[in-house]
Structure formats: C-alpha cells, structure tokens
Amino acid sequence: MTAGARLVEGLAAFRMIAAMWIRSTMTYRFSFAMTLLANFVVNFFDFVVILLMFTHVEGLGGLAFAEVAFLYGATSTAFGLADLALGQVSRIGRRVRDGTLDTLLVRPAPVLAQVAADRFALRRLGRVTQGLFVFVWALVLVDIDWTVLKVLVVPMMVLSGAVIFGSVMVAGAAFQFWARDAAEVVNSFTYGGNTLLQYPPTIFAKDLVRGVTFVFPLAFVNWLPALYVLGRPYPVDLPAFTAFLPPLVAVLCALLAGACWRAGLRAYRSTGS
Amino acid sequence: MDFIELDDVRKVFDVRKKKGFLRRERHEVRAVDGISFTVPRGEMVGYIGPNGAGKSTTIKMLTGILTPSGGRVRVAGIDPSRERTRLAHRIGVVFGQRTTLWWDLPLIDSYKLAHRMYRIPDARFRANLERCVELLDLADLLAVPVRQLSLGQRMRGDIAAALLHDPEVLYLDEPTIGLDVVSKAKVREFLRDLNADAGTTVLLTTHDLQDIEQLCKRVMVIDHGRLMYDGALAGLHEVGESERTLVVDLERELPALEVPGARVVKVEGPRQWLAFPASASAAPLVTEIASAYPLVDLSVREPDIEAVIAKMYTDRAELG
Amino acid sequence: MRLYAAVAAGGFRRHATYRVATAAGVFTNTVFGFVLTFTFMALWDERPNLGGYDKPEALAYVWIGQALLATCGLMGGGGFAEELIERIKTGDVAIDLYRPADLQLWWLSADLGRAAFELLGRGIVPMAVGALAFDLALPDHAWQWPAFLVSVALGVVVGFAIWFLVALSAFWLMDGAGVVQIAWLCGLFFSGMLLPLTVFPGVLGDVARVLPWASMLQVPADVFLGKHTGWGLLEAYGFQAGWAVVLLAAGRGLQLVARRRVVVQGG
C-alpha cells in the first residue's frame, strides 16, 4: 500500500473512532461540561501566571507583555493542535500494559490512527481555543512592522510548530514500547517544552537555549520565527534564514517520529510486551 | 487447500528477571518451540493446553499481532505479520476477556463502526447483522449500552462483532470463560451452526473441555510451546492411555470381581468400579459380568479429558 | 491501628515497585524545576524581594514545589482518587464498604504510605539537583527540617481529604472525570504551585492564602524557608490541621450518605 493510501485510511479510521469517543463522552453530559470548562481554565492558568508576573514587572527578558503573549499564543496554539490530533498516543503505555493494544492490531486500520483517536475528547478543544484566543489578542496588541514575509511566517510557524510537537508526542509514545512506565518523561518534553517556549529565550541559560535549538529542535516551534516577526534578536547567534526553517525541521521531525513509531511497534510485535 | 499453515514456527521471548536490587538476569523463553500444523478450510479445531503453554502466542502470530522468531505462517496465503491490515479483513478475532465493544455506547453502535471500518457493503452488513441478531438472540440488546450487558450477553455481542465482515476464519480465545451454563450452550450452538452453514474455519482455545467435546472433531494439545497431540478427540484417549469406567451395582456385597480385560478400582458396598481401556468395547465386559454375577444395574463413565491431558503432561515430564 | 499501619506500609511498597515510573517522574520534576527556575529568576531579577522572598528563597520555593508535587497529590491524588472512582463505577466499592475496616481510614493509610514513598523517591533527587545547580535558600537551623516534615505530613492529609471528597462524588455523578479536573485545577492554582500565593495580588491573594490548598505547598514551603517560627509555626500547623479536620469530617459525612445508596452498575 502506498503512503498516500495509508494516510487516507488512517485519517478515515481516526475520524470514525474519534466520533465514537465523542458520543461516548456525551453519555456523561455533566462531566463533559465540567471537563471542557476545566480544560479551558487549566490552559488559562499558565497565562494567568504571566499576567500575574506582569502585575509586578514591565518586561520579562527584555520583552513587553504583548510580545510575551505573542510567544505564548504561538506555542500554545501549536501545542493545542498537536494535542488535539495526537495527544492520546501517550496512553499507549497503558494499552501495552493491559494488553488491549492487541485488539487494535487485529483491526484493518493503522495502529497510530487508532491510538491517536483513543479516548478522543472534545474537551481538548479548550486548549487550542485558549491558545488561539491569546494569540489573536497578542496580534492585536503587539506593535509589529508587518511585511508580506512576516504575515506568511505567522501561519507557517503555528502549523510547523504543531507538527514538531506532534512528532515529539509520537516519538515519545514509541519510546513507551520499551519503557512502559515512562510516560512522564515524554511529558517533560511536551508539556515542559510548551511551558519553556511560553517565555522569551533571553531569560534562560545560553546552554539550555542552544540545547533546544540544535539538539532538541523545539526552538523552531516559535522562538526563532516569532523573534523574527517581532524584530528581536535571538540570544544565540544564528543566520537570519533560520527563522524560515520551521517547515523543514517539522518534516524532518515527522519522518524521524514515524521511524521511531514503526520501530517501536516492530519491537512490540516481536517481544509481545 | 490448507487454509492455515504453520511450518516449524517458533517464538522466543527475552525475559528479564530481577535479581537483587539492580541486577537483572536475561533468559530466553521459548513460548512456541517449533510448531507445525495445517488446518483445511471449514474445519473447527480446538487448541488446548495449560496456562503459558503457548496458545495465545500462537493465536497472536496467526492474527499478525506478533512476528514469529522463526518458521513460516500463512493464513489464506497471507503472511500475517507482514500484511496485518490486509489479513484483518479476512479474519475475525474474539478475545474472551477483552471486549472490543464500546463500553458506554449502545451495542448497535459498535456494529455500525465495524460496518464502516471493514467497509462492508450495506446489503451484506444488513444480512449478516440480521442473522447474528437472530441466532445470538441480540434483538433486545442492540439499544442497550454495553456496560449494562451481562458477561454472557457481552460475549454474544463480541462474537457477532467479529463476524459482520464475513471472516473466513474465526479465532476464539476462551469464548466461554466466566459464562453461565445457558450462555455457554447458546455460544456453542451458534458456533456449531456457523461452522456448518457458513463453512467458517474456527480455531478456539479454551480451558473448558466441554467446549471441545461438543464442538471440535479435531483437537491440538500444546505444552511448553510444543505440539503434544494433533488428531481426533477420541484418539486423545489412546495417546493418554485413558480408561473408561464401568460402574456395576450388584445384589449384595461381594469381593472384587474378576473380569478379564478390566480391573476393579474401587468397592463400596454392593457397588464396584471397574476400569477398562477407553479404546475397548464395553459390551463383552457387560455380558461377562451379567452371566457370572448377580447384576442389578450398570453404567459406563466416559473418561475425563482433563485427566487424560494431565496424564499426558506427567508422562512427558517424567520422560523429559 | 495495626491494620492501618500495614495498609500504609503496603501503600509505600506498592509505589516503590514502580521504579521506572518513579525515575520518569523525577526526570520530569527536574526538567520543570529548571524551566520554572529561569522564569522565577527573571521575575526576581526585576523585583528583588517580591512576595517577601529574596532570590535564593524564591528559587528554593520552585524546587520545594517540584519535590512536593507528587507527595501532596497536587497532580491528581497519586492515582488513589482515580482508583477509588473506578471502584465506585464498577461497583467494587460495595466490597470496601462492608469490609470490617473503615473506608476513609483505609485509603488515608494507603495514601500516607504512598506520600512517604513519593517524598523519598521523588522529592529528594529534584531538590538535590536544584540545590547543586542553583543558589537555593536552605534552612539555617536543624529544627527546620523536622518542622518542615510535620507541615508536609499535614499537607498530605489535607490533600487526601480533598481527593477523597472528589472521589466520593462519583457515587452521584457516575463519571468523576469532570470533578477530578476541577479539583486538580484548584490544587494547581491555589496551592501556590504556579507562583507563591504571596505574589498573588489583592483580594485574590488574601482568599488564596486561607483556602485549604495553601496547606499543600505554600505553608510547608514557608516553614522550610523559616517564615514561621515560635507561635507563628504553631499557627501555621493549626491552619493546616484545622482544614484537615474539617475536610476529613466532610468526607466522613459523604461516606455515610454514600453507603446508604451503593449503586452497583450492571455487570
């Protein structure tokens, strides 16, 4: 089967299973409403921290409030999109442990699609919505000398960022085929990464910034492109074109994550646990 | 043509055992250790053995969940581990202890999902659903959320879900585990009809030997990853040197009877138990006893397969 | 009493078996500790003495938070709430309710055992890493350490009492996911996990400091940093113990009502 056909099949399976889960959660309406609200609020919390900080200071790491909000909105929206589509893959460890992964393997659909749609919940819309809300707000507030290129960078940044985060989630899930109980390690790269990127790179140690630029390329989610749009310097010296690299980095991450996933599934199928 | 083919199939797991605080010892476990068999289309086969014998591992290799470490597996000409999704359209799997139904949704919703996921043509789907609903008595359950079904009802629901796409082979892993007598009977009856009418090949693993006795002409016994026996159910008795028991009620208490071809294993008042080889006929014994002793009543007890298999295991353990 | 000690020991051992999960948790806590340290540094560089803390104190606060995150059940009741909710949903809780042991005490003992393990297994390493990597304010006097531990223990009990209430709500809601989320949010926000409650402005800060969640991080951290001494320390303990008693009593009441209407879901 070609990769294209598999993708179509995977998306179809994702849609079908996600729809089933949405209907399942609707059987507990009260809980659904509560979780939707909670999800919206919890995401708002990290932003409240930033708001609280700005009740005490004028700027963080040389950036004004609107600029930090811009960084925050960009990464949160990207993360929210990735989480909506792929966040559930982190449950793979549990499925391996209780043996229910086997029931997915006998269905005629790609396992990744089935796992991604596993317990799909509309409440996850809370995260994207909140991120998008702050992002739009920041775009209104922030003072940018808009050029065509900068306008183009904005959607490119969010979409590439979502793919990078999604790749981290899939690679992290694949890692759980070997270390079943290590789901939390993945959280430090996904949730931790998201938290990191909500703040300006200038407040972090240079080595940390280098690390997430060259080794673990989270910086391409928003730091590099966003600082270009804002017209601010990046704390690590890099050529200007790096601001436009996110799509390329995203594709590389996705390919790598796909390879990890296949290797993980292969390992599961040869060890059975 | 043989529908399922296994040729010297092996599956080796690396198991890490904790030894002390951090030290771990690795050792190999041969879950399946060179199994070969074939199953022709339309046969119904029982696959039995104690826990950890390799039953589930075999089923997992047949369904493409696990990749064999060695040997060759073909189901309908397909290599399961390489073409898992293509094979999925042609097989049905029921895991006795894990439902694939949607817990919080009405039963019918699980079937609707199968309809779309397996891309079953509408007319086909309707016909199959109708048939399953009728034979498995599901009409009143379709609108009920799965979590409210009893274990037996859920198992029937699971079996129907595995059959909607007309699989050529159905694998059942412990299909009657935990079911009450009525549900067991219903499930067995359905499987028998399915095999007879639709010609579906059925491979079932079970702990319940009645399943095998009532359903399968052929049985395979596996232990320690090896096939111990493959053949007719009746033949299993010969291999296991099993014995049938003749229970005779006499007019009065007598010393142990002396009958050629049988030996008394127990005496209790006027009742005596005589064991004779399962392969021999009971008729000459009965004639012999009736002519020589004051016989009131008698009955023949079939051997317990469980005991037969247990005997096979102990024999093998003594040899190995 | 013996029984509950055994249950607590069981809770400790049970969590001690999850070695990989513990290591993973330590790693995550450490990573978050680093990220938050830098944000706090940026904040305290601009505003030294914000919220009554100097910079080493503020940074110590970050790592205390990471050390207590799992211990005080700030991230979802250490899994016990989820487990209890599952038992309520499946009806297994009926067995627990008719056991000769008390439901609340049983789970409290297990949770204390869990917390003890999490403090040792997940608390010490991040704290040590933080202290090595950054200049943290550590207690000046030896007595502050046991004082801190007492405060943590009280915080654990308050945390348990809250999660017990949350779990019992499943008797009426059948699916506790929503309430769990709300409880988790409140814990995150009002415990001082995001920012010290002393930094919260105006009325929000005043309210946050008297809510039960303050017992789970803000108060233990202040005890650690030597902000409560003498009578002040007793007052802090009194605040925590007061909430513990009130919330445990509420849980007891709810348990009595729940017992009268044990619903067993079809199965």
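The pLDDT is the predictor's confidence in each residue, on a scale from 0 to 100. In chain B, the mean pLDDT is 86, and 92% of the residues reach 70 or more. The structure is a predicted model, in which local features need pLDDT of at least 70 and side-chain atom pairs count only at pLDDT 80 or more, whereas totals for chains, interfaces and linings use all residues. Residues are numbered from 1 along each chain as its sequence is written, chains are lettered from A and ligands numbered from 1 in the order in which they are written, and side-chain values use heavy atoms, with hydrogens and water left out.

The model as a whole scores ipTM 0.88 and pTM 0.85. For chain A the mean pLDDT is 91, with 99% of residues at 70 or more; for chain C the mean is 89, and 96% of residues reach 70 or more. Confidence was also examined by element, where helices (H or I, at least four residues) and strands (E, at least two) are DSSP runs numbered from the N terminus. In chain C, the lowest value is a mean of 80 in helix α5 (residues 93-97), and the highest is 96 in helix α11 (residues 218-224). Residues 263-267 of chain C have a pLDDT below 50; beyond near neighbours in sequence, this stretch has eleven contacts in the model, a contact being heavy atoms within 4.5 Å. Where pLDDT is low, the predicted coordinates should not be read in detail.

The interface of chain A and chain B was considered next. The contact takes 30 residues from chain A and 30 residues from chain B. Together these chains bury about 2,700 Å², 59% of it on carbon and sulfur atoms; buried area is the accessible area (1.4 Å probe) that two parts lose on being put together, summed over both. On the side of chain A, the residues A:Met20, A:Pro108 and A:Arg269 lose the most area to chain B, together 27% of what that side buries. Three salt bridges are found across this interface, a salt bridge being a side-chain nitrogen of Lys or Arg within 4 Å of a carboxyl oxygen of Asp or Glu. A salt bridge joins the side chains of A:Arg23 and B:Asp109 (2.1 Å, N to O). There are also ten residue pairs in polar contact between chain A and chain B (both at pLDDT 80 or more). A polar contact is a pair of N or O atoms within 3.5 Å; within protein, one must be able to donate a hydrogen and the other to accept it, and residues adjacent in sequence count only if both atoms are side-chain atoms. Two or more residues of the side of chain A that touches chain B come from each of α1 (3-26), α5 (101-105) and α12 (246-271) of chain A. Of the elements, α1(A) gives the most to this side, with nine residues. By class, the side of chain A that touches chain B has 14 nonpolar, eight polar and eight charged residues; here Ala, Val, Leu, Ile, Met, Phe, Trp, Tyr, Cys and Pro count as nonpolar, Asp, Glu, Lys and Arg as charged, and the others, Gly among them, as polar.

Chain A also meets chain C, in a contact that takes 37 residues from chain C and 36 residues from chain A. The area buried between chain C and chain A is about 3,200 Å², 78% of it on carbon and sulfur atoms. One salt bridge is counted between chain C and chain A, and the side chains of C:Arg122 and A:Glu184 meet in a salt bridge (3.2 Å, N to O). Four residue pairs are in polar contact across the interface of chain C and chain A (both at pLDDT 80 or more). On the side of chain C that touches chain A, α2 (19-46), α4 (80-90) and α9 (177-190) of chain C each supply at least two residues. The most, 14 residues, come from α2(C). This side of chain C divides into 25 nonpolar, six polar and six charged residues.
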